[in-house]
Amino acid sequence: MTSGSGSPPLWCYWVVLPATVLIWAVLAATLETDLLPTPSAVMVALASEAVNGELWRHLAATLARVAIAFGVAMLLGVVIGSAMGRSARLNALFDPLLVILLNLPALVTIILMYVWFGLVEMAALLAVIINKVPNVAVTVREGSRSLDDKLEQMAVAYRFNRWQWLREVWLPQMFPYLMAATRGGLALIWKIVLVVELLGRSNGVGFKLHLAFQVFDVATILAYSLAFIAVVQVIELAILQPLERRANRWRRPEMAHA
């Protein structure tokens, strides 16, 4: 009998997705409607957008916004979360504001930024950053509260400078929390950036989805969706999963001695 904690066979990962595509193809061929194009029609639309350069231009615009917003939000969230986690007074002062921002709908933030600053790039980036910072701050705050005081005392005893303390004490303990903030933050930022582009930008994947929606071009909608998903998966497999495995390796010895 196979253990419930064992790894499933490789073929398990290649059943549901092909079956879904097959069902999609059968339904599209049966219904024969532009509202549900066949997989081949979607691939033709994707190839057409790639050949004329539109796909790469709009993907690049979206990725640039994601990168800028993610970098700024992570930096601010780490600083704020660390400060709140280390100081009970700062936590008491800013926790109510953090709760409000966490529960503020992203759509409201986007609309307010566009109303206050106009349909400009800075407003779009601010809307994404404001929605992301509270999530990072909350995660990092919990990590800061769990820092080992004995390691802090060791750092003082050995007279670690700030760089040594950051590299040898803070980062190894905070790495799992930073990874959690990164994974959750990217998942959130992808979605918000698309809404920001749909509502007020003249380029990006969200903008193209808006144009396709206006003319009910479902093939183009699905083509850009597939391209976007592919980029997200590449980032997941090439960057996030290796980093997560590193974080889990760091935690295993501690878990083994628990």
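1. Burial and surface. A residue is called buried when its relative accessible area is under 20%, exposed when over 50%, and partly exposed in between (1.4 Å probe, protein chains only). Buried residues make up 34% of the 258 residues in this chain. Its accessible surface comes to about 15800 Å² (Shrake-Rupley method with a 1.4 Å probe; for residues, only the protein chains shown count as cover). Carbon and sulfur atoms hold 69% of that surface.

2. Basis of the model. The model is predicted; local features need pLDDT of at least 70 and side-chain atom pairs count only at pLDDT 80 or more, while totals for chains, interfaces and linings use all residues. Residues are numbered from 1 along each chain as its sequence is written, and side-chain values use heavy atoms, with hydrogens and water left out.

3. Confidence. The mean pLDDT (the predictor's confidence in each residue, from 0 to 100) is 85 for the chain, and 85% of its residues reach 70 or more. Over residues 254-258, pLDDT stays under 50. Where pLDDT is low, the predicted coordinates should not be read in detail.

4. Secondary structure. The chain has 10 helices and 0 strands, where helices (H or I, at least four residues) and strands (E, at least two) are DSSP runs, numbered from the N terminus. The pattern along the sequence is accordingly written α-α-α-α-α-α-α-α-α-α. Among contacts with a separation of 6 or more, 73% are between residues 24 or more positions apart.

5. Nonpolar core. A nonpolar core is a set of buried Ala, Val, Leu, Ile, Met, Phe, Trp, Tyr and Cys residues joined through side-chain atoms within 4.5 Å. The largest one has 42 residues, of which Val128, Val196 and Val205 touch the most other members. At least two residues of this core come from each of helix H2 (39-51), helix H3 (54-86), helix H5 (106-117), helix H6 (121-145), helix H8 (162-200), H9 and helix H10 (218-256). H8 supplies the largest share, 10 residues.

6. Helix H9 and Val205. In helix H9 (residues 205-214), the buried residues are Val205, Gly206, Phe207, Lys208, Leu209 and Ala212. Apart from neighbours within four places in sequence, Val205 is in contact with His58, Leu59, Thr62, Leu194, Glu197, Tyr224 and Phe228.

7. Aromatic pairs. A pair of aromatic rings is described by the distance of the centres and the angle of the planes. Rings of Phe, Tyr and Trp (its six-membered ring) pair if their centres lie within 6.5 Å; planes under 30 degrees apart count as stacked, over 60 as edge-to-face and the rest as tilted. A search of the whole structure finds 2 such pairs. Trp190 and Phe228 are edge-to-face, at 5.2 Å centre to centre and 90 degrees between the planes. This pair links distant parts of the chain, with Trp190 in helix H8 and Phe228 in helix H10, 38 residues apart. Trp190 counts as buried because its relative accessibility is 7%, and Phe228 counts as buried at 10%. Phe213 and Phe216 form a tilted pair, at 6.2 Å centre to centre and 55 degrees between the planes. Phe213 is exposed, with 53% relative accessibility, and Phe216 is exposed at 57%.

8. Positive phi. Phe216 lies in the loop between H9 and H10, and its phi is near 55 degrees, a positive value in a residue other than glycine. Glu32, in the loop between helix H1 (16-31) and H2, also has a positive phi, near 50 degrees. Glu32 is exposed, with a relative accessible area of 69%.

9. Thr182. This residue lies in helix H8 and counts as buried at 13% relative accessibility. The side chain of Thr182 reaches the backbone oxygen of Leu178 at 2.8 Å. Not counting residues up to four places away in sequence, Thr182 touches Phe70, Met74 and Leu240.

10. Asn203. Located in the loop between H8 and H9, Asn203 is partly exposed, with 22% relative accessibility. A polar contact of 2.4 Å joins the side chains of Asn203 and Arg65; the term denotes a pair of N or O atoms within 3.5 Å, and within protein one must be able to donate a hydrogen and the other to accept it, with residues adjacent in sequence counting only if both atoms are side-chain atoms. Beyond four places in sequence, Asn203 touches Arg57, His58, Ala61, Arg65 and Glu197. Asn203 and Thr62 are 141 residues apart in sequence and 8.0 Å apart in space, C-alpha to C-alpha.

Conventions. Contact means heavy atoms within 4.5 Å.
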